[in-house]
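Dear colleague,

Here is the structure I said I would pass on. My notes on its pockets and surface follow below.

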Amino acid sequence: DYITSPHGQTFDKIAEAFNLDYIKVTKREHFLEQFMSMQNKPHHCLMEITITHQTNKDVYDLLKTIKL
């Protein structure tokens, strides 16, 4: 069992409403470059990161093994 919440929503319109720079990252290999570019901006930004269902499951399974 794992948690997933597929939906068709994105955050681009929210960013637009608040006049924020927005980027959507869909590939792991693009994340670091995009993250660093947003880190260097002098104002607030919004980054949306999408993952596959399999990645979601893998992360969920890993989190279940953490002992607090």
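The lining of the second largest pocket comprises four nonpolar, four polar and two charged residues (Ala, Val, Leu, Ile, Met, Phe, Trp, Tyr, Cys and Pro count as nonpolar, Asp, Glu, Lys and Arg as charged, the others, Gly among them, as polar). Among them are Val25, Lys27, Arg28, Phe31 and Thr55. A pocket here is an open set of points on a 1 Å grid over the protein atoms alone, where a 1.4 Å probe fits, with protein on both sides within 12 Å along at least five of seven lines; lining residues have an atom within 4 Å of a point. This second largest pocket has a volume of about 230 Å³, a volume being the space filled by probe spheres set on the points, which are joined across faces, edges and corners.

The model is predicted: local features need pLDDT of at least 70, side-chain atom pairs count only at pLDDT 80 or more, and totals for chains, interfaces and linings use all residues. Residues are numbered from 1 along each chain as its sequence is written, and side-chain values use heavy atoms, with hydrogens and water left out.

The largest pocket has a volume of about 380 Å³. It is lined by 17 residues, and Ser5, Pro6, His7, Thr50 and Ile51 are the closest to its centre. That lining divides into five nonpolar, ten polar and two charged residues.

Leucine 63 lies in helix H3 (helices are DSSP runs of H or I, at least four residues, numbered from the N terminus). Leucine 63 counts as exposed because its relative accessibility is 52%, and exposed means over 50% relative accessible area with a 1.4 Å probe, protein chains only.

Regards

Key. Helices (H or I, at least four residues) and strands (E, at least two) are DSSP runs, numbered from the N terminus. Buried means under 20% relative accessible area, exposed over 50%, partly exposed in between (1.4 Å probe, protein chains only).
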